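Student: I have a fold to work through. Can we take it step by step?

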Amino acid sequence: MGEGRRALLVVDVQPTFCEGGALPVAGGNAVAEAIARYAAATHDRYDLVVTTQDWHVDPGAHFSEQPDFVDTWPPHGVAGTEEAELHPALSELGPDVSVKKGEYAAAYSGFEGVDGEGRSLAAILREERVTDVDVVGIAESHCVRATALDAHAEGLRTRVLTDLTVPVTPELGAAARDELRAAGVELTASDAAFPAGSAADGEGGTGASDGARSSDPGA
Ligand SMILES: [Zn+2]
């Protein structure tokens, strides 16, 4: 509880990582749609919404003609291509900050990225006085995992919303969840992220002091 500020980190929800893309994760498109619905429903819960994108110009050995799918991958997330853009399902998301990563080297964690002004994700979150982050996106076993671990290492209270992410394989997903739990990252289903009656609950309006904005008829 307390007076924390919360950010939603939407990691690498790009067509390149979804069915039909260059490096597809099964379930990617469905997760993109689910994230869009969640973000619309919980808009008031977040002080900041940040997207990250894999945005490769020349990432060296990250790309390979004979990828091992461990350290090397087929070309994906190529800067300037349509499939490196945010997923069309997120067209209404309106992120406060967009972070891009991996221009000239592999970058799994959103904390390796920068925004259009060159600010690192850690600097952005500090500037915005964010204390809590919820991480969603693609893929749970790779970039979501790395982003959540870095968030926790930055001292942020960190949750991964388990139904709003998808791993490359079930086995890698299970391993990632074990690692996240062991590191102190909380794993939560999205429908349990904000229990009914908690502060700023949009349905009940339990907090009289929070009611002013929603009842404001506007000018
Ligand atoms: Zn990449």
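Student: In what order do the elements run from the N terminus on?

Tutor: This is a predicted model: local features need pLDDT of at least 70, side-chain atom pairs count only at pLDDT 80 or more, and totals for chains, interfaces and linings use all residues. Residues are numbered from 1 along each chain as its sequence is written. Helices (H or I, at least four residues) and strands (E, at least two) are DSSP runs, numbered from the N terminus. There are five helices and six strands, and the elements run β-α-β-β-α-β-α-β-α-β-α.

Student: What is the strand order in the open sheet?

Tutor: Two strands pair if DSSP finds at least two bridges between them. Strand 3 (97-101) and strand 6 (186-188) each have a single partner strand, so they stand at the edges. The pairing is parallel, and the order is 3-2-1-4-5-6.

Student: Which residue of strand 4 stands opposite V10?

Tutor: Strand 1 (residues 6-11) and strand 4 (residues 132-138) run parallel, joined by six bridges. R6 stands opposite D132. For V10, the residue opposite is V136.

Student: Is strand 4 largely enclosed or largely open?

Tutor: A residue is buried if 20 or more other C-beta atoms lie within 10 Å of its own, exposed if 12 or fewer, and partly exposed in between; C-beta atoms are placed from the backbone. In the protein, 37% of the 219 residues are buried. In strand 4, six of the seven residues are buried, so this strand is largely enclosed.

Student: Which residues have the most contacts inside the largest nonpolar core?

Tutor: A nonpolar core is a set of buried Ala, Val, Leu, Ile, Met, Phe, Trp, Tyr and Cys residues joined through C-beta atoms within 7 Å. The largest one has 45 residues. Elements giving two or more residues to this core include strand 1, helix 1 and strand 4. Those with the most contacts inside the core are I35, V135 and I138.

Student: What is the bridge partner of V135 in strand 5?

Tutor: Strand 4 and strand 5 run parallel, with six bridges between them. In strand 5, the partner of V135 is V160.

Student: How far apart are the end C-alpha atoms of helix 4?

Tutor: The expected span is 1.5 Å times one less than the number of residues. Helix 4 has 14 residues, so it should span 20 Å. The helix is followed by G184, whose phi is positive, near 105 degrees.
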